[in-house]
Amino acid sequence: MIKFASVNGEIVPADSACLGITDLGFLRGYGMFDFLLIKNGQPLFVEDYLDRFWRSAHQLKLKVPLDREQLIAHIHQLIGSNGLADASIRLVLTGGYASDGYSPSENANLVILEHEYPTCHPDKYEKGISLLLHEYQRQFPAIKTTNYVVGILMREQLQKAGADDLLFYQNGFITETTRANFFIVTPEGGIVTAGEGILEGITRKHTLMLARKHYQVEMRQPEVEELKTAKEAFITSSTKRVMPVVQVSDIVIGNGKPGPVSAHLLELLKEAETAYLQNDARVS
Ligand SMILES: Cc1ncc(COP(=O)(O)O)c(C=O)c1O
């Protein structure tokens with residue numbers, strides 16, 4: 001049970017935490033967020049998430065009301081108040097209160113929510129997931145805006161198709177899913193993932209660093225046509241780590257089963273997480 005949240009630097013009971021109705025995130029969708037995991041009370045890869053949070057804020061011309069040190073200390077304060085060893089943290093920043101309903105305020109609103117640790121059914125790793133192609137390009141791909149309208153709107157259609165998520169593409173080129181980055185393994189055994197038109201996932205960053213030691217990596221948007229000959233496909237995200245994809249719309253990927261490359265990268269990523277948390281525990 002999550003008891004506390006933070007609103008503009010104040011820890012408050014989660015069930016009464018709120019923002020006013022002139023908030024620009026609420027009125028105009030002028031908002032952004034980030035999302036990271038907490039393991040044994042330690043935020044995982046926190047520097048990467050905060051770099052991206054500040055990058056998004058800069059691009060949206062929003063001023064984060066705390067500096068980095070203060071924000072990290074405040075995240076720890078919230079984790080301490082809720083007392084969960086494993087959890088997740090959502091940092092939300094909006095354009096603040098707009099008395100005219102349009103102009104961003106000098107003071108952005110910062111809300112920090114803690115959630116339960118996200119769990120993924122082990123079946124998904126053993127059997128792989130299926131994706132549904134959907135032609136769409138996120139408006140500001142590099143910014144983690146709060147706009148997930150298309151993904152949410154398509155939930156019923158996804159369910160009808162028996163697919164787990166949408167795979168976005170445009171003009172025959174694949175970018176990402178609603179909440180994850182996408183990779184293929186080519187017939188030659190190389191790894192291909194989009195280098196632009198996407199949110200640069202933190203899991204993608206760590207997976208690529210590990211992958212480069214063992215595989216040829218190409219940064220370009222894979223073509224939809226390449227799915228037909230790909231040996232494997234997988235997605236990466238903070239909650240799913242490295243998850244195999246065995247079907248995209250009516251295209252079966254490889255032999256229709258999770259492959260060795262995604263399994264290898266998942267193991268390497270788990271090791272990197274453990275190493276990070278051990279080092280972090282030593283310095284903090
Ligand atoms: C659009 C989009 N792409 C990619 C990702 C994966 O990013 P990360 O690995 O940092 O979770 C997310 C995460 O929510 C996302 O929303």
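## Ligand surroundings

Among the 16 residues around the ligand, Lys-144, Tyr-148, Ile-202, Thr-203 and Ser-238 come nearest, a residue being near if one of its heavy atoms lies within 4 Å. The model is predicted, so that local features need pLDDT of at least 70 and side-chain atom pairs count only at pLDDT 80 or more, whereas totals for chains, interfaces and linings use all residues. Residues are numbered from 1 along each chain as its sequence is written, and side-chain values use heavy atoms, with hydrogens and water left out.

By class, the shell around the ligand has four nonpolar, seven polar and five charged residues; here Ala, Val, Leu, Ile, Met, Phe, Trp, Tyr, Cys and Pro count as nonpolar, Asp, Glu, Lys and Arg as charged, and the others, Gly among them, as polar.

## Polar contacts and cover

Polar contacts are pairs of N or O atoms within 3.5 Å. An N or O atom in the side chain of Lys-144 is 2.7 Å from an oxygen atom of the ligand, and one in the side chain of Glu-176 is 2.8 Å from a ligand nitrogen atom. A polar side-chain atom of Thr-203 lies 2.6 Å from an oxygen atom of the ligand. Of the 390 Å² of accessible area that the ligand has on its own, the protein covers 95% (Shrake-Rupley method, 1.4 Å probe).

Helix H7 (202-211) and strand S13 (232-237) are the elements that give two or more residues to this shell, helices being DSSP runs (H or I) of at least four residues and strands (E) of at least two.

## The six-stranded sheet

An open sheet of six strands runs in the order S2-S1-S6-S5-S3-S4 with antiparallel pairing, where two strands pair if DSSP finds at least two bridges between them. Strand S2 (10-13) and strand S4 (42-43) stand at the edges with a single partner strand each, so one side of each is left without a neighbour in the sheet.

Strand S5 (residues 87-94) pairs with strand S6 (residues 109-116) in the antiparallel sense over eight bridges. In S6, His-115 is the bridge partner of Ser-88, and Ile-112 is that of Leu-91. Strand S1 (residues 4-7) also pairs with S6 in the antiparallel sense, over two bridges, and Ser-6 has Ile-112 in S6 as its bridge partner.

Terms used: Polar contact = N/O pair within 3.5 Å; in protein donor to acceptor, adjacent residues only side chain to side chain.
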